[in-house]
2 protein chains.
Amino acid sequence: MRDFSQDHRWLSINTATVRKQRGEPWPLPKILDACAARGIRAVSPWRDQVAAAGLAATAAQVKALGLELSGYCRGGLFTYTDSASQQAVRDDNLRALDEACTLDAPCLVLVVGALPGALAGRPAHRDLALARAQVAEGIAWLVGEARQRGMPLAIEPLHPMYAADRACVNTLAQALDLCEALDPAAGYAASGSSARPALGVAVDAYHVWWDPQLEAQIARAGRGPANRILALHVCDWLVPTTDLLEDRGMMGDGVIDLPRLRGWVEATGYAGYSEVEIFSKANWWQRDGGEVLDTCIERHRRCV
Amino acid sequence: MRDFSQDHRWLSINTATVRKQRGEPWPLPKILDACAARGIRAVSPWRDQVAAAGLAATAAQVKALGLELSGYCRGGLFTYTDSASQQAVRDDNLRALDEACTLDAPCLVLVVGALPGALAGRPAHRDLALARAQVAEGIAWLVGEARQRGMPLAIEPLHPMYAADRACVNTLAQALDLCEALDPAAGYAASGSSARPALGVAVDAYHVWWDPQLEAQIARAGRGPANRILALHVCDWLVPTTDLLEDRGMMGDGVIDLPRLRGWVEATGYAGYSEVEIFSKANWWQRDGGEVLDTCIERHRRCV
């Protein structure tokens, strides 16, 4: 297991972590500058932030600053109610794929979607099995497009508390079942030299830490022809947690045994970034973004 | 699958559903009277409510009203930090078992506990595997006591969002693994005539509805020498859910496909009560208890 205590070379910042600062929300160019200024080598930006800053401009800034991406947030949201909404989903995922290519991301992260309309409080139905079937169908289609572009897809299982409205893939086992069914050879068609699969997973500690099968499923992810783990996200689970979405904790402030989890992930051969992703309405988004980044660096060295 | 649409003979009320009414919180004797007056045949009371009303008085009232219990809430909370706290846990569980016997409950429901101290916001450690080991050890001990008393234990897997502070048994698979390990013969020692196992599960729709393994695990529960399903709890998952603990929905107001779930449960041979348990700070606890009970009856017939 790598020693993180001496430097922060393996720290990446998911740009949502400092996007909603009170008083002065940070636009993406400012976030990128602030990361580079601190020797943070990688980021994972969100599509709406990139759109606001401009895709070409963002790609140029990332390159000029010597940054790289640890992932691109996000594709997915595959569920639909009719053929028009299905087509809209597909079109949007193609745009996301192309943006990920332009930004030279290592993977497009997929938040797969759940009951159509639920996120807006108006679920079209209660058929979770149907939603899961549509997700499998959507990924099956997108992975073909992804292979053509040489851009791996990382299915991110979300915590079961998001099963209704954000993602109906809720365990690592379920995500790996999809990977093995839809990309059995772990085949990364575009670039024969890469060991990355076309379809893998993003392991976010916040979403999976509770899972009694976690250690076994992480090991399973590393057992195939290519390691399925394409990204590792960290933050912490607070007690109490006061909001289902925006009360994530800074590493070390909660109950997740992050070093143990990272040890399991690295035992698969994973040697990529540890990406900090914190949505924190009442705490970290209330602070100066520079203080948040400095804290991420310190906690990355001490608590991850 | 039983037809619930014509009457409410299989409705049970978990007494937490109407315990915190605004203005006039309902004590247990009033709840029992109000249920009996509506032809509700069963209840599942909480220990603190029984303690407030008196154990003997409650047993007498239940009998006089012709009610029965669908479960007794609750034992468990097995995790500890030292031998003194371990002993206190054991003593308390013995009292819970004896109360369940006095009340002639069909089972003692177990909410197994999680990281010690976490419920009070001061987790003693981050070792979820240790907590799970202590839970297994505690159940292994308690099931011996339960067998002597002829009182089955029902492990209730709680939603993963409670893994830190309330219960580190979070899936039906995990609960059934414990049942099979600790009560392999499904042996209900005290009463040879009963088909109930010494150790089973309480299936609460709110906690398990999201689980991709749900159908398969419910079937597994019915496959052994005795059906492990000792209780079925229903309410609904709202979108959005605004509180992790006290924003449960009335059946029909959320996204859980309750008839489908009940069908899976009844396919195991389960023929017991459907117990409504709703914690609802902002909605149902704000209404008159009689209105809540009437709504439970109507929704039980139409949505479960």
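Predicted model: local features only at pLDDT ≥ 70, side-chain atom pairs only at ≥ 80, totals over all residues.
**View 1**

**View 2. The contact between chain B and chain A.** Here 25 residues of chain B are in contact with 25 residues of chain A. What kinds of residue make up the side of chain B that touches chain A? That side divides into 15 nonpolar, six polar and four charged residues.

**View 3. The open sheet of chain A.** Nine strands form this sheet, and their pairing is parallel. Their order is β3-β2-β1-β9-β8-β7-β6-β5-β4. Strands β3 (68–69) and β4 of chain A lie at the edges, and each pairs on one side only. Helix α5 (residues 128–149) of chain A packs on the sheet. This helix touches β6 (153–155) and β7 (199–204) of chain A. The direction of α5 makes about 150° with that of β6(A).

View 4. Strand β2 (residues 42–44) of chain A pairs with β3(A). The two run in the parallel sense, over two bridges. Look for A:A42, which stands opposite A:E68 in β3(A).

**View 5. The β4 edge of the chain A sheet.** Strand β4 (residues 72–76) of chain A is an edge strand. Is β4(A) mostly covered or mostly uncovered? The strand is mostly covered, with five of its five residues buried. β4(A) pairs with strand β5 (residues 108–111) of chain A in the parallel sense, over four bridges. Across this pair, A:C73 stands opposite A:V109 in β5(A).

**View 6. Strand β8 of chain A and its two partners.** Strand β8 (residues 229–234) of chain A is mostly covered, as six of its six residues are buried. On one pairing, β7(A) and β8(A) run parallel over four bridges. A:D204 stands opposite A:H233 in β8(A). In another pairing, three bridges join β8(A) to strand β9 (residues 274–276) of chain A, and these strands also run parallel. Which residue of β9(A) does A:H233 stand opposite? A:H233 stands opposite A:E275. From β8(A) the chain crosses through helix α9 (residues 258–267) of chain A to β9(A). This β-α-β crossover is right-handed.

View 7. Chain B has an open sheet of nine strands with parallel pairing, in the order β3-β2-β1-β9-β8-β7-β6-β5-β4. The edge strands are β3 (68–69) and β4 (72–76) of chain B, each pairing on one side only. Strand β6 (residues 153–155) of chain B pairs with strand β7 (residues 199–204) of chain B in the parallel sense, over three bridges. There B:A154 stands opposite B:G200 in β7(B). Helix α6 (residues 172–182) of chain B lies across both of these strands. The helix runs at about 165° to β7(B).

Key: Residues numbered from 1 in each chain as written. Chains lettered and ligands numbered in written order. Contact = placed C-beta atoms within 7 Å. Nonpolar A, V, L, I, M, F, W, Y, C, P; charged D, E, K, R; others polar. Pairing = 2+ DSSP bridges. Axes fitted to C-alpha atoms, helices over the stretch in contact; angles between N-to-C directions. Buried ≥ 20, exposed ≤ 12 C-beta atoms within 10 Å, placed from the backbone. Right-handed = clockwise from strand over helix to strand, strands pointing away.
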